[in-house]
Amino acid sequence: MKNTFLFQKMKQEKEKITMVTAYDFPSAKIAEEAKIDMILVGDSLGMVVLGYDSTIEVTVDDMIHHGKSVTRGAPNTFKIVDMPFMSYHLSLEKAMENAQKIIQQTNAQALKVEGATKEILYLIQRLTDAGVPVVGHIGLTPQSVHVLGGYRVQGKNKQAAEKLITDAKHLEESGAFSVVLECVPDQLAKYISKQLTIPTIGIGAGRDCDGQVLVYHDILQYGVDYKPSFVKVYQEIGSDIKKAIQQYHYEVKNKEFPSSSYTFAMDKDLVNELNL
Ligand code: KIV
Ligand code: NA
């Protein structure tokens with residue numbers, strides 16, 4: 001399994017880091033088989049798996065439930081679990097308790113938190129001191145969608161750009177071993193990546209980040225209707241799945257399935273004896 005030092009070394013050696021989200025046993029298993037460097041059990045699970053409008057309804061128990069299945073599917077891949085909405089804002093004590101619960105029950109290697117307020121920076125320091133590696137996340141932070149006023153590119157004016165640069169530096173100083181940059185103009189993401197010694201992982205942040213992350217269901221167009229402009233669809237699995245299910249439906253209705261090759265036959269003598 002890769003580790004936080006290896007990720008830093010990959011940055012130094014200019015080897016791009018790959019991250020993909022996974023939320024259950026099959027997605028994790030396939031990500032591990034694809035040799036992805038790290039798996040994120042993202043709270044995007046609220047939207048792509050649980051059907052919520054945002055990540056705000058996701059709970060600590062949701063993250064644990066899904067995180068455990070990801071660990072079973074990808075036992076040998078470095079796994080990061082998102083701390084969900086408000087699970088790390090009520091008090092340092094409560095945040096540490098939730099972090100402990102998630103780490104001990106999922107057996108993941110690291111946690112991710114959004115933002116870079118004083119409280120978040122201190123939490124990152126405390127978690128790292130306690131032996132829990134932390135990934136920061138700035139730019140578009142979906143848990144704050146209602147404060148940000150929507151899902152849109154961040155850091156577009158001077159003040160916002162400068163804030164992102166200082167936030168990234170503060171995250172590194174607090175002990176974060178990596179930072180996700182979401183929906184940030186590529187020149188800014190490039191600059192931040194150069195300034196930091198820890199790797200940046202971009203999503204909608206250009207190719208100069210030290211690594212990239214995408215949402216599993218987005219890459220596959222699997223059960224998602226909306227495609228953000230920064231998402232590349234590598235295979236349209238959703239429409240193939242629909243075709244398969246439609247065909248199954250059709251064949252059952254038309255008594256084509258199950259044909260004899262999908263049926264258990266009984267010995268002829270026994271059939272006669274029983275008068276079947
Ligand atoms: O929840 C998630 O999928 C994420 C990534 C988009 C970084 O936080
Ligand atoms: Na997330």
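Biologist: What percentage of the residues in the protein is buried?
Modeller: This is a predicted model, and the protein in it has 276 residues. A residue counts as buried if 20 or more other C-beta atoms lie within 10 Å of its own. By that criterion, the buried share is 41%.

Biologist: Which residue stands opposite Phe78 in the pairing of strand 2 with strand 3?
Modeller: Strand 2 covers residues 38–41 and pairs with strand 3 in the parallel sense. This pairing extends over 4 bridges. The residue opposite Phe78 of strand 3 is Met38.

Biologist: How many residues of strand 3 are buried?
Modeller: In a regular strand the side chains alternate between the two faces of the sheet. In strand 3, Phe78, Ile80 and Asp82 point one way, whereas Lys79 and Val81 point the other way, and all are buried. Strand 3, residues 78–82, is therefore largely enclosed by the rest of the structure, its buried residues numbering 5 of the 5.

Biologist: Which residue of strand 5 is the bridge partner of Lys112?
Modeller: Strand 4, residues 110–112, runs parallel to strand 3 and is joined to it by 3 bridges; there, Lys112 of strand 4 stands opposite Asp82. Strand 4 is also joined by 2 bridges to strand 5, residues 134–139, again in parallel. In strand 5, the partner of Lys112 is Val135.

Biologist: Is helix 2 parallel, perpendicular or oblique to helix 4?
Modeller: Two packed helices are described by the angle between their axes and the distance between the axes. The axes of helix 2 (residues 25–33) and helix 4 (residues 60–73) come within 7 Å and cross at roughly 40°. Because of that angle, the orientation of helix 2 to helix 4 is oblique.

Biologist: How many charged residues are in the contact of helix 2 with helix 4?
Modeller: Helix 2 passes helix 4 in a right-handed crossing. Helix 2 contributes Phe25, Pro26, Ala28, Lys29 and Glu32 to the contact, and helix 4 contributes Ser69, Val70, Arg72 and Gly73. By class, 4 of the residues in this contact are nonpolar and 2 are polar, while the number of charged residues is 3.

Terms used
Residues numbered from 1 in each chain as written. Chains lettered and ligands numbered in written order. Predicted model: local features only at pLDDT ≥ 70, side-chain atom pairs only at ≥ 80, totals over all residues. Axes fitted to C-alpha atoms, helices over the stretch in contact; angles between N-to-C directions. Parallel < 35°, antiparallel > 145°, perpendicular 65-115°, else oblique. Left-handed = near helix turned anticlockwise from the far one by under 90°. Contact = placed C-beta atoms within 7 Å. Nonpolar A, V, L, I, M, F, W, Y, C, P; charged D, E, K, R; others polar. Buried ≥ 20, exposed ≤ 12 C-beta atoms within 10 Å, placed from the backbone. Pairing = 2+ DSSP bridges.
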